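Me: I am new to this structure and would be grateful for a close look at a single part of it, followed by its setting in the whole chain.

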Amino acid sequence: MSNFKVSTICVQEGYAPKNGEPRVLPIYQSTTYKYDSSETVGKLFDLQEDGFFYSRIGNPTLDAVEKKIAALEGGVGAMLTSSGQAAVMISVLNICEAGDHIVSSSTIYGGTTNLFGVTLKKFGIDVTFVDPDSSVEELMAAANEHTKLFYAETLANPSLVVTDIEKFAKAAHANNVPLIIDNTFATPLNCRPFEFGADIVVHSTSKYMDGHAVALGGVIVDSGKFDWNNGKFAALCTPDESYHGVVYTEHFKEAAYIAKARVQLMRDLGAIPSANTAFLLNLGLETLHLRVPRHCENAMAVARYLEANEKITWVNYPGLPSSKYHALAQKYMPNGTCGVVSFGVKGGREAAMKFMDSLKLAAIVVHVADARTSVLHPASTTHRQLTDEQLVKAGVGPDLIRMSIGIEDIEDILSDIKQALEQI
Ligand SMILES: *Cc1c(COP(=O)(O)O)cnc(C)c1O
């Protein structure tokens with residue numbers, strides 16, 4: 001891995017063309033690869049030689065992007081997946097089976113809450129959701145002898161709770177299990193969870209990494225730091241009969257986890273993105289270091305503006321000194337948090353809908369974290385099945401508006417918000 005600074009990694013890492021080769025990362029639109037001898041192919045299958053043989057397991061375009069993201073996070077390896085959901089699922093299934101248990105922060109992405117609380121339960125994997133503000137002792141107490149991992153989001157979507165990663169890592173490591181952190185909202189530009197003790201990082205690359213709302217995707221990154229040989233993770237340290245008896249920790253050393261995720265789970269589950277999708281993701285990554293600071297700067301200005309407006313009842317943005325999570329945000333994300341701001345308007349549901357319908361530059365979309373400013377009213381869309389009482393319990397009151405601040409000119413964003421507020 002190179003010793004380049006983060007901006008250079010964003011632009012150049014992962015692909016180094018030789019004399020006369022394309023300057024831009026090519027889209028290897030091929031499911032398969034040609035070899036001169038069947039012996040070579042045999043060696044590839046036996047994992048005795050490095051090389052591509054079928055694009056479900058590996059593809060040169062994906063490989064370049066995986067190397068770039070691994071370098072951004074400071075990990076030993078990464079694997080792209082077809083969505084953020086697939087990344088989360090594989091990151092857990094790689095070390096959990098029926099009878100196992102996970103401890104997860106309760107303030108996580110809704111899709112992940114369902115995956116853990118409903119679908120993985122059907123697989124026989126149990127979950128305990130914990131308040132992320134719990135003490136380290138309370139976190140430890142949530143684990144039992146079957147616990148295989150702790151899970152949290154650096155910056156939770158949509159609550160914007162900032163996780164004390166060191167506290168979660170301490171609780172996980174006291175139980176001899178890894179901490180998996182979903183770093184989607186912070187991006188490695190604002191936080192590198194491995195530096196605070198996380199062992200595995202996952203992302204929905206559909207958000208800031210792509211950044212243009214063109215390519216659904218996910219990624220798993222392995223820090224290479226967790227010692228799997230502690231008696232709890234036999235699947236990594238004993239022969240895998242489904243793969244000619246390979247012992248991942250012996251064959252792949254510190255990259256055992258990410259290698260197993262690829263040759264065993266990606267082989268079996270097949271949630272792989274296309275080369276074209278990886279190419280689009282790479283274009284997004286090339287400007288990540290320019291876009292993320294702009295998202296944060298604009299979001300901070302919007303948060304300050306809203307906080308000073310008398311039609312706004314409350315503003316939730318961890319960059320604001322008034323935020324409960326300001327100190328944690330300063331510690332874990334000193335360069336800024338993200339572009340998402342949530343707030344409440346006086347007049348509840350009705351006023352919130354009127355405000356949103358009056359916006360001209362900001363569009364109503366079910367997405368966050370792309371270049372265009374967008375807005376969503378969870379009570380009338382993603383959470384519309386809930387009653388007002390249930391909404392308050394879920395932390396998304398009927399007055400809550402979630403705004404994802406884009407990278408347009410801040411004056412235009414603010415005047416759009418101003419004119420829409422004047423309509424209510
Ligand atoms: C969007 C999101 C996901 C799911 O990612 P998809 O790419 O939509 O499958 C997971 N975690 C977080 C924090 C997200 O914001």
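Reply: Thr-249 lies in helix H10, which covers residues 248-251; helices (H or I, at least four residues) and strands (E, at least two) are DSSP runs, numbered from the N terminus. This is a predicted model, in which local features need pLDDT of at least 70 and side-chain atom pairs count only at pLDDT 80 or more, while totals for chains, interfaces and linings use all residues. Residues are numbered from 1 along each chain as its sequence is written, and side-chain values use heavy atoms, with hydrogens and water left out.

Thr-249 counts as buried because its relative accessibility is 15%; buried means under 20% relative accessible area, exposed over 50%, and partly exposed in between, with a 1.4 Å probe and protein chains only. When residues up to four places away in sequence are not counted, Thr-249 touches Trp-228, Asn-229, Leu-236, Cys-237 and Ala-256, where contact means heavy atoms within 4.5 Å.

Another buried residue is Phe-279, found in helix H12, with a relative accessibility of 19%. Leaving aside neighbours within four places in sequence, Phe-279 is in contact with Val-24, Leu-25, Ile-27 and Thr-61. The C-alpha atoms of Phe-279 and Leu-139 are separated by 40 Å, and these two residues are 140 apart along the chain.

Helix H12 (275-286) is also among the elements against which the buried residues of H13 pack. The others are helix H1 (6-12), helix H8 (187-190), strand S8 (312-316), strand S9 (340-345) and helix H17 (410-422). The buried residues of H13 include Leu-288, Arg-291, His-295, Ala-299 and Leu-306. Helix H13 has 20 residues (288-307), which should span 28 Å at 1.5 Å a residue, and its end C-alpha atoms are 28 Å apart, which agrees; the expected span is 1.5 Å times one less than the number of residues.

These parts belong to a protein chain with 17 helices and twelve strands. The chain is as compact as a globular protein of its length, because its radius of gyration is 22 Å, close to the 22 Å that the globule rule gives for 424 residues; the radius is taken over C-alpha atoms, and the rule is 2.2 Å times the number of residues to the power 0.38. Of the 424 residues, 55% count as buried. Among contacts with a separation of 6 or more, 72% are between residues 24 or more positions apart.
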